[in-house]
Amino acid sequence: MKKFTFAAIALIAALAASFTSCGNSPKANLKNDIDTVSYTIGMVQTQGLKEYLVNQLGVDTTYMDAFIKGLNEGANAGDNKKTAAYYAGIQIGQQISNQMVKGLNHELFGEDSTKTISMKNFLAGFIAGTTGKNQLMTIDQASELAQTKMQIIKAREAEKQYGENKAAGEKFLAENAKKEGVKVLPSGVQYKVIKEGSGEIPADSSTVIVNYEGKTIDGTVFDSSYKRGEPATFPANRVIKGWTEALVHMPVGSVWEVYIPQELAYGERSTGQLKPFSALVFKIELVGIKK
């Protein structure tokens, strides 16, 4: 889950402190050095402000008068703690609306703009976490549960959109399992031996040296160490589960064609050229085990 910060608030506060006013548009009167330095520093502090307001805070420049009004009120509030707290709440509330919720909606629902999280429940949780009152769970419990539920929602949304891709992979694997020379491991990973090696079989904690080519079930190549001109080296347990399952059964020197179900590949995730729920085919050549 993505994390968001409130650093923008400090910047706005610093910028606001550079202004003085008697209304929405204060008139400068540079009658002495203090007046002059006040004005010039105020101007200097606005470098990049307009772009920041538009790009980071989502301010519509049509309403700059409203921004100036709020700016004046904030800058002239002095050390009134109640007023300061109110303005901080407005700033954070706007960031929730313009950044956090939009970001979460995109992460959960992708490009489907008709779906959104519940603002009511988001704010209930946000306020409970901020005040420490009426909490239904601890922060750590909330973080763990959020990760779990987000994964469920994302998987459900992905399956709605890419269900046909999932079905195509299942059909491919069911038919492939019947072909001559294809063996099926207990996990569901399938393989066919192209060349039988006679070396050591790696453990899942071993660091292996491999050449490989990855394809989708329609034969499209999406990755290849052969094209890069050198083998890859990595721990056998730091790759997709289907790879680990194959590697711990392969003697060094072997070349296998390995067929991996989507749930042992990238599942509901989209990565590079690969759509969610893609079953994958790899030619894997186990060159050696790094000692």
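Predicted model: local features only at pLDDT ≥ 70, side-chain atom pairs only at ≥ 80, totals over all residues.
Student: What caps the N-terminal end of α5?

Tutor: Asn80 does. One of its side-chain oxygens lies 3.1 Å from the backbone nitrogen of Lys82.

Student: How does the span of α5 compare with what its 29 residues should give?

Tutor: Count 1.5 Å a residue. Helix α5, residues 81-109, should then span 42 Å. Its end C-alpha atoms are 40 Å apart, which agrees.

Student: Where is the kink in α5 centred?

Tutor: On Ile96, with a kink of about 40°. Ile96 is also buried. Other buried residues of α5 include Gln91, Gln95, Met100, Leu104 and Phe109.

Student: How many aromatic pairs does a search of the whole structure find?

Tutor: Eight. A pair of aromatic rings is described by the distance of the centres and the angle of the planes. Take Phe172 and Tyr259: their ring centres are 6.4 Å apart and their planes stand at 50°, so the pair is tilted.

Student: Which parts does the pair tie together?

Tutor: Phe172 lies in helix α7 (residues 139-176) and Tyr259 in strand β6 (residues 255-260), so the contact joins parts 87 residues apart in sequence. Phe172 and Tyr259 are both buried.

Student: Which residues form an aromatic cluster?

Tutor: Tyr212, Phe222, Phe234, Trp243 and Phe282 form one.

Student: What sits over the ring of Phe277?

Tutor: The charged end of Lys166, 5.5 Å from the ring centre.

How values were computed:
Residues numbered from 1 in each chain as written. Heavy atoms only, no water. Helix = DSSP H or I, 4+ residues; strand = E, 2+ residues; numbered from the N terminus. Expected span 1.5 Å × (residues − 1). Bend = angle between axes of the 7 residues up to and from the residue. Buried < 20%, exposed > 50% of the residue type's maximum accessible area, 1.4 Å probe, protein only. Polar contact = N/O pair within 3.5 Å; in protein donor to acceptor, adjacent residues only side chain to side chain. Phe/Tyr/Trp six-rings, centres within 6.5 Å; stacked < 30°, edge-to-face > 60°. Lys NZ or Arg CZ within 6 Å of the ring centre and 35° of its normal.
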